[in-house]
Amino acid sequence: MKIYTKTGDAGQTGLFGGQRVAKDALRVQAYGTADECNAVVGLARAAGLDPGLDAILAIVQNQLFVVGADLATPGESANIPRVGDEEVLFLEQWIDTLEAELEPLRQFILPGGTPGAAQLHLARTTCRRAERWAVSLAHEEPISPNVLTYLNRLSDFLFVAARAANARAGTPDVPWVSPRLAGK
């Protein structure tokens, strides 16, 4: 199979099911940003995270592929996996598990710490952008109901995972210093 098809040269792409849409359509923005989030999670994994956290993130990357396929498929399709309650529950359970090993937050933190944690914070913000595109899409067309819940929960998970990456590496989170307190 060739990697290039030349069918997108005029600024259109095909959705699952064959429908052609502009490459800047809301649906394409949503699944494209979910794909971008997946790439940033891969970048964080390449930074050498704790093996346990890396294994969880490998599952998340596979789930993000399902999110992308779900968003790229308007309407019903028996051949396309959809995001379900199980994926949301998976994230919630890992959020709770990871939070149990962390010190409670007492102030805002900045993205940073270890390279892997900083990249997980970048993945979190990319996930939030995917969520915003998915919300915009949902205003225009029906989407799978669990996609928005999954993306919302994933950004929470990525925040906690970034904190866990720092904690497991023995690196403190980077505290935000209020400008009002900076001079004191």
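How many of the 184 residues of the protein chain count as buried, as a percentage? The figure is 41%. Keep in mind as you look around that this is a predicted model.

Let's start with the overall layout. The protein chain has six helices and four strands. Reading from the N terminus, the elements go β-β-α-α-α-β-α-α-β-α. As for how the chain folds back on itself, take the contacts between residues at least 6 apart in sequence: 73% of them join residues at least 24 apart.

Now for the middle of things. The largest nonpolar core contains 44 residues, and L71, L120, Y150, L154, F157 and L158 are the ones with the most contacts inside it. Five helices, α1, α2 (51–71), α3 (85–100), α4 and α5 (145–168), each put in at least two residues. The top contributor is α5, which gives eleven residues to this core.

If you skip its neighbours within four places in sequence, Y150 is in contact with V60, Q63, L64, V67, V83, E87, V88 and L91.

Sorted by class, the contact of α1 with α4 has 16 nonpolar, six polar and four charged residues.

Helix α1 also packs against α2, at an angle of about 165 degrees and with the axes 9 Å apart. That angle is why α1 and α2, too, are roughly antiparallel to each other. The crossing of α1 past α2 is left-handed. On the α1 side, the contact is made by R27, A30, Y31, A34, C37, N38, V41, G42 and R45. On the α2 side, the residues are D54, L57, A58, Q61, L64, F65, V67, G68, D70 and L71. By class, this contact of α1 with α2 comes to eleven nonpolar, four polar and four charged residues.

A55 and R45 are ten residues apart along the chain, and their C-alpha atoms are separated by 9.1 Å.

The next pair is α3 and α5, whose axes come within 9 Å and cross at roughly 25 degrees. That crossing angle makes α3 roughly parallel to α5. Here, too, the crossing is left-handed as α3 passes α5. From α3, the contact uses D85, E87, V88, L91, E92, W94, I95, L98 and E99. From α5, it uses N146, T149, Y150, R153, L154, D156, F157, V160, A161, A164 and R168. These residues of the α3 and α5 contact divide into eleven nonpolar, two polar and seven charged.

T171 lies in the loop between α5 and β4 (174–175). Is T171 buried or partly exposed? With a relative accessibility of 26%, T171 counts as partly exposed. Leaving out residues up to four places away in sequence, T171 touches G113, T114 and N166. T171 and T114 are 57 residues apart in sequence, yet they are 6.8 Å apart in space, C-alpha to C-alpha.

How values were computed
Residues are numbered from 1 along each chain as its sequence is written. This is a predicted model: local features need pLDDT of at least 70, side-chain atom pairs count only at pLDDT 80 or more; totals for chains, interfaces and linings use all residues. Side-chain values use heavy atoms; hydrogens and water are left out. Ala, Val, Leu, Ile, Met, Phe, Trp, Tyr, Cys and Pro count as nonpolar, Asp, Glu, Lys and Arg as charged, and the others, Gly among them, as polar. A nonpolar core is a set of buried Ala, Val, Leu, Ile, Met, Phe, Trp, Tyr and Cys residues joined through side-chain atoms within 4.5 Å. Buried means under 20% relative accessible area, exposed over 50%, partly exposed in between (1.4 Å probe, protein chains only). Contact means heavy atoms within 4.5 Å. Axes are lines fitted to C-alpha atoms, for helices over the stretch in contact, and angles run from 0 to 180 degrees between N-to-C directions. Angles under 35 degrees count as roughly parallel, over 145 as roughly antiparallel, 65 to 115 as roughly perpendicular and the rest as oblique. A crossing is left-handed if the near helix is turned anticlockwise from the far one by less than a right angle, and right-handed if clockwise.
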